[in-house]
Amino acid sequence: MTPCDAHWMGLALELASRGRGFVEPNPMVGCVVVENDELVSSGFHQFFGGPHAEVEALSHCDPDRVKNSTVYVTLEPCSHFGKTPPCVELLIRYRPKRVVIAMQDPFPAVAGRGIQSLRDNSIQVDVGIQDEQARELNAPYLKLLEFGLPWVIAKWAMTLDGAIATHGQDSKWISNEQSRVVVHELRSCMDAIIIGIGTAIADDPLLTTRLPSGSTPARVAKRVIVDRNGRLSPQSQLVQSIHAGPVIVATSEHADQARVRNLADAGCEVLIIPEQELSGSLRFVLKELGDRRCTNVLIEGGGTLLGNAFDENLIDQIHCFIAPKIVGGLGAVRPIAGVGKSLMSQADQLHRMTVECLGDNVHISSFLRRQC
Ligand SMILES: NC(=O)c1ccc[n+]([C@@H]2O[C@H](COP(=O)([O-])OP(=O)(O)OC[C@H]3O[C@@H](n4cnc5c(N)ncnc54)[C@H](OP(=O)(O)O)[C@@H]3O)[C@@H](O)[C@H]2O)c1
Ligand SMILES: [Zn+2]
C-alpha cells in the first residue's frame, strides 16, 4: 500500500457515485489508471447495461502506459459474462503492474473469482483500500444482494414542533421550494415511492419527479400505495396520471372487489397482500419490490405507515426537512407514529448525519446504525 492509494481510490469512488440512479440494480463502480502518480485515464459505469468502469477507463488508454500503471477500481472486476464480457480478461490483456480493489464483489458469479484470476495471471492485487467508503456507496446494492430487500429511505417534512400536518390534516406546504427541489432530485433516483392510503386521501399527491431544469429523471419510480381496503379513488391524481409512471395498489382480498377492478381498469397494478401477511403488509410490499430488483425505495409517509416502518426496523436512511413554523395541537400529525419505544435507551440511533440549510429550512440526512 502507498500513501497515494487512498487518494486515487477516493477519486475512483467519486467517479463511481456519478452513476447513482442510472446503473441500478448494478453497483456503482469507478476506475482510475495511474502511472508514476499521474492520472492516465479514468471511467465509471454510467448506465445499466452499459460498459463497465474498467472498460471506460482502459479502452482509450495507450496499452504501453497501462503496463507500468496501477489500476484502482472500487469493486472487484467481474469474471463472468453478463451484459458485457468479463473485465478481468481485459485487465489480463492490458497487464497493469498492480490492481488495487476497494472491496470484493459478493455477487455470486464473481465473489473472489475476479481477484483470483488476476493473481493466477501474476498481476499484483491489493484489496481493501477505502473498503468502508465503497461499502457505504453501494449499501443499497449490497442489501438487495444479501437480503433480497431494497434500501429503504424515509422522508418527511415537518414544522419545528414536529408536525407533518395540522390537527385538521392540512400539510400544504410545510417545506420551502428549495427543499422540494431536493425531494424531486431524490425521487429521480428511486425505483419506487411508497405512501399509505391516509396520505393518498388527505393530500391527493402525484408523486412524480419534476426536476427544476426540466431534465429527464434518471429513472421513473413506481408509485406504490399501501391500501388494504381498496380506498384509493380512481379520480385521484395518482390514478389520473397513470401515463406518467406505474401505480401499484397493494391491497387485500377484503377490499371491495368492484373498487379494485375499477383501479385495475384505470391502469393500476393490483398487488394482493396475502391474508397471513396483512399485519406486516409493508414488509411484504418491500419483499415484492426486492424480487423485482428495486434497489432504492422512498417512503414518503404518512405518520402511520412510517411509524410501522420504524417499529419493524425497515428503514435504512432518513431525509427530514424542518421548516421554521409552529402549529401546535395535541392532535397534529406526527412524522413517526406506530407503537414507538418506551425507553430512550431503545431509541433508533442515527449516524453519519449531514445537516444543510436550504433557505430557512434545515435538511437532515442520516443513516440507521444497524444497517451500515
Ligand atoms: N409533511 C409530510 O412530509 C407528510 C408526508 C405524508 C403525509 N403527511 C400527512 O400525514 C397525514 C396522513 O398520515 P396518516 O398517518 O393518516 O396516513 P398514512 O400513514 O399515509 O396511511 C395510513 C394507512 O395506511 C394503511 N396501511 C397499510 N399498511 C400499513 C402498515 N403496514 N402500517 C400502517 N399503515 C398501513 C392503513 O390503512 P388500511 O388499513 O386501510 O390499509 C393506514 O390507515 C396527512 O395529513 C398528510 O397530509 C405529511
Ligand atoms: Zn466488469
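**Domains, sheet and ligand shell**

Author: The C-alpha centres of domain 1 and domain 2 lie 36 Å apart, with domain bounds that come from an automatic or database domain assignment. This is a predicted model, in which local features need pLDDT of at least 70 and side-chain atom pairs count only at pLDDT 80 or more, while totals for chains, interfaces and linings use all residues. Residues are numbered from 1 along each chain as its sequence is written, and chains are lettered from A and ligands numbered from 1 in the order in which they are written.

Reader: Which residues does domain 2 span?

Author: The assignment divides the chain into two stretches, of which domain 1 is 3-137. The other stretch, domain 2, is 149-371.

Reader: How many residues of domain 2 are in contact with domain 1?

Author: Two residues are in contact if their C-beta atoms, placed from the backbone, lie within 7 Å. By this criterion five residues of domain 1 meet residues of domain 2, and on the side of domain 2 the number is eight.

Reader: Which strands are the edges of the nine-stranded open sheet?

Author: Strands are DSSP runs (E, at least two residues) and helices are runs of H or I with at least four, numbered from the N terminus; two strands pair if DSSP finds at least two bridges between them. The sheet is mixed in its pairing and has the order β10-β9-β8-β7-β11-β6-β12-β14-β13. An edge strand pairs on one side only, and this holds for β10 (269-272) and β13 (350-358).

Reader: What is the bridge partner of Ile225 in β9?

Author: Strand β8 covers residues 222-226 and strand β9 covers residues 247-251, and the two pair in the parallel sense over four bridges. For Ile225, the partner in β9 is Val249.

Reader: Which element gives the most residues to the shell around ligand 1?

Author: A residue is near a molecule if its C-beta atom, placed from the backbone, lies within 6 Å of it, and of the 30 residues around ligand 1, Gly196, Gly198, Gly301, Gly302 and Asn308 come nearest. The elements that each supply at least two residues of this shell include β7 (192-196), α9 (197-203) and α13 (303-311). The most, five residues, come from α9.

Reader: How many helices and strands are there in the chain?

Author: The C-alpha atoms of the chain fill a box of roughly 70 × 45 × 45 Å, taken along the principal axes. Within the chain there are 13 helices and 14 strands.
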